[in-house]
Amino acid sequence: MSPEMVSQLSVGGSTLVLLGGLMMLWRRGVAAHIGAFTFQSVALAATMAMVGWFAGDWQLWAVAALLLLVKGIGIPLLLKRMERRFGSERELEPYVNTATSLLIGGLLVLLAYIVTAPLVSVSRLPTRTGMPLAIGLVFVSLFIIISRKKALTQVLGFLMLENGIALLAVLGTHGIPIIVEIGVFLDVALGFIVMQVFVYQIHETFESIDVEQLNRLRE
Amino acid sequence: MRPWLLGPVQAAVALLLAPGLVGAIRWMKARLQSRAGSPPWQPYLELRKLFAKEVVVSSNASWLFRAAPFIVFGSTVTVTLLVPLLAVPLPFGGAGDLLVVVYLLLLGTFFLALAGLDPGSPFGGMGASREMTVAALAEPTMALAIFALAWGAGSTNLGQIALRTLSMPSEALAPGHVLAFAAIFLVTLAETGRLPVDNPSTHLELTMIHEAMILEYSGRYLALIEWAAALKLLVFFSLLGNLFAPWGVASVITPGALLWAAGTLALKLLALGGVIALVETHIAKLRLFRVPELLSASFILALLAVTASFLLR
């Protein structure tokens with residue numbers, strides 16, 4: 001593969017990953033959000049595999065396969081189980097309405113360009129072109145976490161944040177050693193399980209996963 | 001053949017094909033919904049009938065009401081002289097670029113909205129206000145998506161953009177192009193009054209946008225407006241077809257090349273029409289209050305298209 005093609009593919013791949021994040025802002029309903037997250041994870045795994053092929057690095061292939069397994073299949077299944085449990089709370093109402101949050105998402109992506117300009121100019125890798133989009137995804141996921149009311153959406157925002165960081169690592173350095181990656185996956189899996197327990201507990205106590213309710217004290 | 005003749009020939013081809021395109025979409029939609037449907041040439045018969053009918057004008061209407069159909073039709077026909085339907089570069093291509101095309105189409109929309117307000121009927125005003133809401137949201141998307149294309153080609157001239165993609169076929173699959181295509185497709189749905197935004201086949205008062213504005217028109221005025229609307233659909237389709245996949249467009253002006261160009265254009269129009277028919281069968285109309293959400297999503301797509309072409313420069 002020629003370097004120009006790699007830089008085109010990495011921009012294309014990271015755009016798809018970022019679109020997954022923006023889809024979260026656009027769509028309502030938990031099912032659509034879980035779909036967006038699955039789409040994003042699959043796109044991220046494909047981008048990783050592409051970079052692995054270009055760099056001739058088997059470790060990246062292994063990481064991509066692991067990512068597909070954990071975030072593309074495992075976590076979405078668990079999320080769907082959670083969704084069935086809280087089925088009555090399908091409509092998620094955000095603090096910021098959809099059109100405004102999409103525009104804010106766009107502005108955050110532009111901000112990411114400005115912030116990463118020095119970073120990109122340092123790198124010599126052909127994959128550097130996608131880095132602003134990865135940082136953009138990190139910003140967008142942080143915005144998802146602070147602008148949504150339901151605990152489940154916030155968990156999804158956290159998972160997307162993690163995807164953004166993984167994308168940045170792959171594009172910026174052609175991947176970190178596989179031992180570190182496995183550690184990160186364990187971290188994410190554990191974090192997800194803890195958050196899942198938390199969400200269940202919130203639901204038990206308040207009969208809702210709306211975090212607005214959390215400022216009410218109860219015996 | 002003299003080169004300047006190409007402009008009028010192109011406009012004539014567009015005028016002839018436009019009602020057929022609308023008819024073909026209606027027919028495909030009907031077949032998809034297991035209805036017999038009217039034949040694809042039905043719109044030609046409707047136009048002939050309307051041109052023969054008497055015109056009824058409200059006594060409250062001013063000269064604007066009578067002038068608007070001609071302005072709408074005239075501006076849309078002018079656009080067909082600038083868009084590469086059959087060949088590049090065009091004889092009148094130097095007279096206007098992509099921005100001129102977009103704003104000429106908006107000029108028509110603007111006068112249509114004015115004409116909707118003019119007779120003072122409640123539906124006209126409602127339709128005009130809705131149409132302006134949609135147009136105001138669709139326009140920035142269109143402008144941004146255009147910049148994504150123009151950035152790659154180094155020019156906002158439509159012929160130049162098509163030539164650039166012709167000379168570098170890999171450009172057609174560049175992320176900027178793909179995203180801009182998606183954005184302009186959504187804008188096409190909104191601007192030409194297709195389904196998730198407006199329902200072209202209903203006259204139910206509460207949901208209509210385009211139909212509400214032209215409710216007061218009859219006879220040859222209505223025929224001109226309907227014809228212009230069909231032409232606008234054809235212009236948007238050929239922008240989608242010939243800017244993003246310009247294969248088949250003639251770059252030398254010989255009768256054979258032009259015939260081949262007309263054939264591929266018809267194929268592209270039918271393919272896009274088929275997509276529209278599928279989409280319209282598959283989805284329901286959005287609530288009016290959700291339309292801004294759809295259009296801001298398309299705006300984001302256009303924004304990402306610009307950033308992608310910016311990154312790859």
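Is B:Ser34 buried or exposed, and how many other C-beta atoms lie within 10 Å? In this predicted model, B:Ser34 is exposed, because 7 other C-beta atoms lie within 10 Å and the cut-off for exposure is 12 or fewer. B:Ser34 sits in the loop between α1 (6–32) and α2 (42–52) of chain B. Although B:Ser34 is not a glycine, its phi is positive, at about 55°.

On the α1(B) side, the contact is made by B:Gly7, B:Gln10, B:Ala11 and B:Ala14. On the α3(B) side, B:Val77, B:Thr80 and B:Leu81 take part. Four of the residues in this contact are nonpolar and three are polar, with no charged residue.

Helix α3 (63–82) of chain B is also among the elements that cover the buried residues of α6(B), together with α4 (98–117), α5 (122–153) and α9 (219–244). The buried residues of α6(B), which spans residues 158–167, are B:Leu158, B:Gly159, B:Gln160, B:Ile161, B:Ala162 and B:Thr165.

Chain B also touches chain A, in a contact that takes 14 residues from chain B and 17 residues from chain A. On the chain B side, α7 (175–191) and α11 (291–311) each supply at least two residues. Helix α11(B) gives the most to that side, with 10 residues. By type, the chain B side comprises 11 nonpolar residues, two polar and one charged.

Methods. Residues are numbered from 1 along each chain as its sequence is written. Chains are lettered from A and ligands numbered from 1 in the order in which they are written. This is a predicted model: local features need pLDDT of at least 70, side-chain atom pairs count only at pLDDT 80 or more; totals for chains, interfaces and linings use all residues. Two residues are in contact if their C-beta atoms, placed from the backbone, lie within 7 Å. Helices (H or I, at least four residues) and strands (E, at least two) are DSSP runs, numbered from the N terminus. Ala, Val, Leu, Ile, Met, Phe, Trp, Tyr, Cys and Pro count as nonpolar, Asp, Glu, Lys and Arg as charged, and the others, Gly among them, as polar. A residue is buried if 20 or more other C-beta atoms lie within 10 Å of its own, exposed if 12 or fewer, and partly exposed in between; C-beta atoms are placed from the backbone.
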